[in-house]
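Dear colleague,

Please find below the sequence and structure that I am handing over to you.

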Amino acid sequence: MGQDYYSVLTLTRSATDGDIKKAYRKLALKFHPEKNPGDQQAAEKFKQVAEAYDVLSDTSKRATYDQFGEEGLKGGVPHGSTESGAWTEGYVFHGNADKVFREFFGGDNPFQEFYDRVDGDMSMGFGGLHGRGSKKKDPAIERDLALSLEEVFHGCTKKMKISRRVMNEDGHTSSIRDKILTITVKKGWKPGTRITFPEEGDQGPNNVPADIVFIVKDKPHPRFRRDGVNLVYTAKIPLGKALTGCTVEVLTLDERILNIPINDIVFPGYTKTVPGEGMPLSKDPSQKAELVIEFNIEFPRQLTPEKKELIRKALLH
């Protein structure tokens, strides 16, 4: 006698699609191998439940099964009119119950999401036997938001595309969908600034989606680096100018040229501070921090005897 798929799922032939999904969900969790390690009977039942769901959740397979039974489903039945001589291909279950389970719940390890109790009772979001009434929230997903200094200086809008698992309308199955998250970058945001999109992670029947958090990180810049709210610029000057004074030309982030006079003697570790030419302050972008000029003093590789003598007279007498 053929297998009764309805009995396997503890259903009647009048079961709706929703009834079939609910029954599979309950039984698949009950007989899952992770809950029943080493139990061959449970493993076989888990496979039978998967095959029954594979058939009854498919409209065409279910219709064939209802009319011709398991023998007709697996052996093939006349296609359309019997006079045509054409027969449908017989159904063969692929045998991968885990595949059915993953496709139903979503994810590579979906069982852990729904079942983690010693006694095997599901939480189901209603408290269960142990009063677990709240869903567990997934850990936050953190990603770098790499910004150029120009983007932070002027402010900008960044659009970040994410792919996430979302629940379908049936409340049981899920699918992967793309979403665009819009970030309004404010002037002066510091490295480490966190932008949080609450619960935009993967959805699941028994979990609260994770927050997605973007963390500001500076891209390397050819002229500047940041030190807190200040901008740091390194000027290369020859030793002669370090001793006698010079003017340092700086191209700013907003494309202005600053000519900064250096009248002091530039010694190792010396810096020149220019107020109001640093990064905007995030709390008040109309105010700017400082531009700090550091110096890389270039020494001559060789000197003629005459120049050495002149330097001795100038510096050592």
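**Helix packing**

Helices H2 and H3 are roughly antiparallel to each other, a label for angles over 145 degrees. The model is predicted, so local features need pLDDT of at least 70 and side-chain atom pairs pLDDT 80 or more, while totals for chains, interfaces and linings use all residues. Residues are numbered from 1 along each chain as its sequence is written, and side-chain values use heavy atoms, without hydrogens and water.

The axes of H2 (residues 17-31) and H3 (residues 40-56) come within 9 Å and cross at roughly 165 degrees. Axes are lines fitted to C-alpha atoms over the stretch in contact, with angles from 0 to 180 degrees between N-to-C directions; helices are DSSP runs (H or I, at least four residues). The contact (heavy atoms within 4.5 Å) involves, among others, Ile20, Tyr24 and Phe31 of H2 and Phe46, Val49 and Tyr53 of H3. Its residues comprise 11 nonpolar, no polar and two charged; Ala, Val, Leu, Ile, Met, Phe, Trp, Tyr, Cys and Pro count as nonpolar, Asp, Glu, Lys and Arg as charged, and the others, Gly among them, as polar.

The largest cavity holds about 70 Å³ of space, a volume being the space filled by probe spheres set on the points. Its lining residues (an atom within 4 Å of a point) include Phe153, Asp254 and Lys288.

Notes
Helix = DSSP H or I, 4+ residues; strand = E, 2+ residues; numbered from the N terminus. Parallel < 35°, antiparallel > 145°, perpendicular 65-115°, else oblique. 1 Å grid on protein atoms, 1.4 Å probe; cavity = no way out; pocket = protein on both sides within 12 Å on 5 of 7 lines; lining within 4 Å.
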